[in-house]
Amino acid sequence: TVKERVARGKLLRGLVPPIESATDNFYRYKFVIGSLYSRVATPKDFKKFLAWAKENVWKKAHEVTDIEFKAVCRDFYEKKTKERVRQFLKYNTIVDETHVINGEEVPSGKDMLAMVDFDYLTTADQRQFHGDFVLANILKTAGGYCLTDWRQNFGGLLKAGDMYYDLAKLNHNLTVNHDVVFENGFSVKVGANSITCDILRKDNLVRCEEVLREFVRAEGLDMRKIELLTPIIWLNMAPLHHHPFNLFLYYFGKLNLWRALQKNK
């Protein structure tokens with residue numbers, strides 16, 4: 001992991017802090033003075049940031065053939081998600097079944113993932129990527145922006161990834177904000193017959209989501225993909241986080257995947 005992080009740090013030179021040294025298990029990069037973007041983002045500046053990311057982050061890349069890249073995306077989006085969901089269900093002794101969530105009847109995770117058009121979802125261009133493109137990994141500096149905590153690979157690839165994964169990560173974080181989570185600004189209640197889940201949202205991030213949607217439209221990108229990938233990201237995150245946030249991610253992910261599937265019929 002460290003070796004790949006260091007290698008990708010070189011590929012992302014100028015966008016991430018310079019790596020000063022590395023060993024087998026650690027790496028160190030230069031301290032950067034700036035503000036956590038989740039705390040200072042405004043709709044006006046977020047529009048500038050997206051233009052910066054388009055110009056600097058999501059450059060065209062070519063690491064494997066298009067057929068190979070589609071297979072990588074398929075493993076990353078479908079196989080990994082199914083494995084993560086199985087892992088979550090096993091560790092939490094939860095039965096994969098239909099649930100009533102926030103008053104909506106939501107099919108089992110297995111049934112919903114079978115409804116996802118992964119052929120459509122994995123038709124993507126190869127692009128340079130960050131991989132964990134959330135506001136908490138972005139610094140607003142005096143000179144612009146600096147990215148931290150980049151993903152070490154995308155399905156094993158170092159140079160090429162899916163821009164839509166970065167966009168979906170960003171979209172996820174505009175709803176599920178780390179500061180709100182740390183302050184327990186979310187809720188999940190599992191009853192005998194129904195489940196309720198909710199999360200507080202910061203006004204500036206709600207308005208930034210509107211800017212993101214406008215950017216997607218203006219660039220001729222596909223918001224449907226982002227709306228499908230965002231709850232898939234929540235399902236992937238569920239087994240990696242603490243209780244009860246893990247339950248929130250799972251049920252909130254299920255609910256929003258169902259909504260996305262219904263909307264995109």
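**Labels and their cut-offs**

A: Of the 265 residues of the protein chain, 52% count as buried, meaning under 20% relative accessible area with a 1.4 Å probe and protein chains only, where exposed is over 50% and partly exposed lies in between. The model is predicted: local features need pLDDT of at least 70 and side-chain atom pairs pLDDT 80 or more, while totals for chains, interfaces and linings use all residues. Residues are numbered from 1 along each chain as its sequence is written, and side-chain values use heavy atoms, without hydrogens and water.

Q: What makes the protein chain as compact as a globular protein of that length?
A: The chain has eleven helices and nine strands, which are DSSP runs numbered from the N terminus (helices: H or I, at least four residues; strands: E, at least two). Its radius of gyration is 18 Å, close to the 18 Å of the globule rule for 265 residues, so the chain is as compact as a globular protein of that length. The radius is taken over C-alpha atoms, and the rule is 2.2 Å times the number of residues to the power 0.38.

Q: Why is Pro43 called buried?
A: Its relative accessibility is 19%, so Pro43 counts as buried. Pro43 belongs to helix 3, residues 43-56.

Q: Which residues does Pro43 touch, not counting those up to four places away in sequence?
A: Pro43 touches Arg207, Cys208 and Val211; contact means heavy atoms within 4.5 Å. Asn204 is 161 residues from Pro43 in sequence, yet 6.9 Å away in space, C-alpha to C-alpha.
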